[in-house]
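Keep the picture open while you read.

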Amino acid sequence: MAGQTDHALRGDYSQMRPDYTVLQDYSRYTPTEQDLWKRLYARQSALVPSFACDEFIEILGALNFGAGIPHFDAINAKLFPATGWTLVAVPGLLPDDVFFTHLANRRFPVSVWLRSPEEFEYIVEPDIFHDFFGHVPLLFNKVFADYLEAYGKGGVKAKGLDALDYLARLYWYTVEFGLIQTPKGLRTYGAGTLSSAGELPYCIQSPKPNRIKFDLLRVMQSRYKIDTFQETYFVIDSFQQLFDATAPDFTPHYVRLKQQADIAANAVITDDKLVKL
Ligand code: HBI
Ligand code: FE
């Protein structure tokens, strides 16, 4: 999940280490939370086969963490040998530069707290279900994992160039809400859709949102909403395309982006290549 929140953050930030990480104190999860995890997982995994990309479906099936809240150490024992990534436990949303630094070092921050049963339908901040169910499976995919590290390194540089907002948009419209063309048709790989019961079918089936072919500058110029379903989704052809897009130095992009007006979250502009359902 991304996007800043203006209300007080949910997590307990009092026990943090200097890099904002905390211990995943497994004994603190209650039976109610374990049951809520199972219900969230059962509902979401039933939706995945129709709307998620195959890479996500295959890894989710192999990990099989629906029986209860996962132990980060147990997943890391599989993740690190697979792509060199490690999950780190955090209290919740992190400052952008802290977040980017973790990604640049192949560490993915996962919030330790779980939403309340009343939030079964919708939650604004990233809780452990969003981070785990939405983000963790694709960390096992080599090309996507390489993209995320490259993205993190780009973010660390962007801070120095006062261009974090542009990088945050790229994260939002790919890692959180990205769609991908596949031989089976349009599918999603974005964690924000994969972990949402409502937005997962919506992003693939609804005629309401715009679906536009991925274009790096167009994405970084586009504003986004954090508390509604997306009004625009960007569609890639492959994870390799995403990785290749982050290869060049972004500095010249930032110069151009700063000279042009931002694009509204629901706008369609002349050069857009629309993807039809
Ligand atoms: N912090 N824990 C956490 N998880 C995120 O997904 C996250 C974050 N901080 C900032 C952020 N995402 C986005 O603004 C990125 O675009 C940087
Ligand atoms: Fe997220």
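Start at R106, which follows helix α4 and has a positive phi, near 55 degrees. This is a predicted model, where local features need pLDDT of at least 70 and side-chain atom pairs count only at pLDDT 80 or more, while totals for chains, interfaces and linings use all residues. As for bookkeeping, residues are numbered from 1 along each chain as its sequence is written, chains are lettered from A and ligands numbered from 1 in the order in which they are written, and side-chain values use heavy atoms, with hydrogens and water left out.

**Helices**

Helix α4 covers residues 96–104, and V98, F99, F100, H102, L103 and A104 are buried there. Here, buried means under 20% relative accessible area, exposed means over 50%, and partly exposed is in between (1.4 Å probe, protein chains only). What lies over those buried residues of α4? The cover includes β1 (86–90), β2 (107–111), α6 (142–160) and α7 (164–176).

Now look at α7 itself. Twelve of its 13 residues are buried, so α7 is largely enclosed by the rest of the structure. Among the buried ones are Y166, Y171, W172 and Y173, and also R169 and E176.

For a contrast, go to A62 in helix α2 (residues 54–63). Is A62 buried or exposed? A62 is exposed, with a relative accessible area of 61%. From A62 to I75 is 13 residues in sequence and 11 Å in space, C-alpha to C-alpha.

**Strands**

Next up is strand β6, residues 232–236: five of its five residues are buried, so β6 is largely enclosed by the rest of the structure. In a regular strand the side chains alternate between the two faces of the sheet. You can follow this in β6, where T232, F234 and I236 point one way and Y233 and V235 the other way.

| Pair | Sense | Bridges |
|---|---|---|
| β3 (residues 179–182) and β6 | parallel | two bridges |
| β5 (residues 210–213) and β6 | parallel | four bridges |
| β3 and β4 (residues 185–188) | antiparallel | four bridges |

You can check some of the partners by eye. L179 has V235 of β6 as its bridge partner, R211 has Y233 of β6, and Q181 stands opposite L186 in β4. β3 and β4 also form a hairpin, with two residues between them.

**The whole chain**

Time to zoom out. The protein chain has twelve helices and six strands; helices (H or I, at least four residues) and strands (E, at least two) are DSSP runs, numbered from the N terminus. Its radius of gyration is 18 Å, close to the 19 Å that the globule rule gives for 277 residues, so the chain is as compact as a globular protein of that length. That radius is taken over C-alpha atoms, and the rule is 2.2 Å times the number of residues to the power 0.38. The C-alpha atoms fill a box of roughly 55 × 40 × 40 Å along the principal axes.

How much of the chain is buried? Buried residues make up 55% of the 277 residues. Take the contacts (heavy atoms within 4.5 Å) between residues at least 6 apart in sequence: 71% of them join residues at least 24 apart.

How values were computed
Two strands pair if DSSP finds at least two bridges between them.
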